[in-house]
Amino acid sequence: MRTQLYIDGQWADPISKGTLDVINPATEEVIHAIPKGGAQDIDLAVRAARRAFDQDGWPQTTGAQRAVYLRRIAELIRGRSEELARLEVLDNGKPLPEARWDIGDAAGCFDYYAGLAENLDSDSSADLAISDDRFRTKVVKEAVGVVGGIIPWNYPLLMAAWKVAPALAAGCTIVLKPAENTSLTALELAAVAQQAELPAGVLNIVTGLGGEAGQALVTHPQVDKLAFTGSGKVGSHIMAEAAKDIKRVSLELGGKSPLLVFDDADIENAVEWIMFGIFWNQGQVCSATSRVLVQEGVYEKLLARLTEEARKITIGDGLEEGVLLGPLVSKQQYDQVSAAVVRAQEDGAQVVTGGARPAALGKGYYFQPTILTEVPLDSHAWKEEIFGPVVCVRRFATEQDAVALANDSRYGLAAAVMTTDAKRSERVAHALRAGIVWINCSQPTFTEAPWGGYKQSGIGRELGKWGLENYLETKQITAYTSNDAWGWYVK
């Protein structure tokens, strides 16, 4: 495990010499210490990224040349996949099979953007049809510049890949600030980049606190673009700070995603996807379908089956075989989830199952799969992210009622519809105000498809070609091709 920052292609101690404890959420034990970078370290990293962009020629490389590095990174990640997955479990707490999936997705992300980088070589200079034949105009796509990337703790390496891969593919350089709770695999990504011989300064990784290292990155005058994934509160702050310098910003923020189950849905299929949508990664997912709306005709049956299956989930250390639900990422997160459930009950919600630490697990930040009913529409539990394994279930009468309830939220990241009626599924999917809508499933995510939300769930899209466009500027180049002299006016 790494003990230094990665700046300008070299490993370095933080200028402050401070460290942050790494705590295994399954045992509450300190297992490592990472460097606590600060404003001076961020400044060094940004200056290295600036030089790599402005002087060393990274944006002048071809897409094909950049693709070689991206594919090399993907290959090296795959070569260390089991090691990285186990490190992710120790750092984040998620079950090992989930971590393996994440590491595979991260490698795939680098491969995918290698392909898009190659496409830039042919797509970046298209001639434009214009109305005056004395001129020739083309439109080119160019790298936006130095990127400040700030990522969350729920998918540590995968979220790093979502930022780093498209930024490098576009020809940007980047300074990445991982979440202080889960920085281990981000530092290993730096080691992978070094082994892949990525030029110095192109990727820099500085660990530290959000209020110190993160704030310094957001406000640094030499950063051209900020890419952030995290809470709405922090996203709002970043947007306000970026406005001072008119920095480019993309924000992937929170959600309170609804899942609608109609009377004609396959109940067993619906239960399976409800559980996947809220208990995967301990519910610590921005798109988690945490508001389940069930039509009256199947409400009792579905609630009974969901409760029965939720009580079967194996809880424990993510490294133990058969575990499906690991601990929450930190004591802070455990306390927040616990407090949210208590508050929900005070507001009138009923706990059908769960609601506390498992009795058999005295240590670790474990929280039972929890189902709440009778949740008031104006309550915190119904309106705000709990970001834990807690689902609110409510009945509805008509399709119109369901859509109205689903859309009554300041968030609009994702939504899901369960029905065997194809026309209804399409109709409801278009009526839901969300950036991602799933039909008869919940949470499948594809590198090729856009990811992002409406309303306060963010600005811009990640993944797919849309993710690459986050890191590109559009330039018009017009040439005067006529032999006629150009006067003070056009005849």
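Student: Are Trp 153 and Phe 387 buried or exposed?
Tutor: This is a predicted model, where local features need pLDDT of at least 70 and side-chain atom pairs pLDDT 80 or more, while totals for chains, interfaces and linings use all residues. Residues are numbered from 1 along each chain as its sequence is written, and side-chain values use heavy atoms, leaving out hydrogens and water. Buried means under 20% relative accessible area, exposed over 50%, and partly exposed in between, with a 1.4 Å probe and protein chains only. On that scale, both Trp 153 and Phe 387 come out buried.

Student: OK, so what kind of pair do the rings of Trp 153 and Phe 387 make?
Tutor: Rings of Phe, Tyr and Trp (its six-membered ring) pair if their centres lie within 6.5 Å; planes under 30 degrees apart are stacked, over 60 edge-to-face, the rest tilted. Here the centres are 5.5 Å apart and the planes sit at 85°, so the pair is edge-to-face.

Student: And what about Phe 276 and Trp 280?
Tutor: Phe 276 is partly exposed at 24% relative accessible area, and Trp 280 is partly exposed at 22%. Their ring centres are 4.8 Å apart with planes at 40°, so this pair is tilted.

Student: How many disulfides does a search of the whole structure find?
Tutor: A disulfide here is a pair of cysteine sulfur atoms within 2.5 Å. Take Cys 109: the closest cysteine sulfur, in Cys 172, is 15 Å away, too far for a bond. Across the whole structure, the disulfide count is 0.
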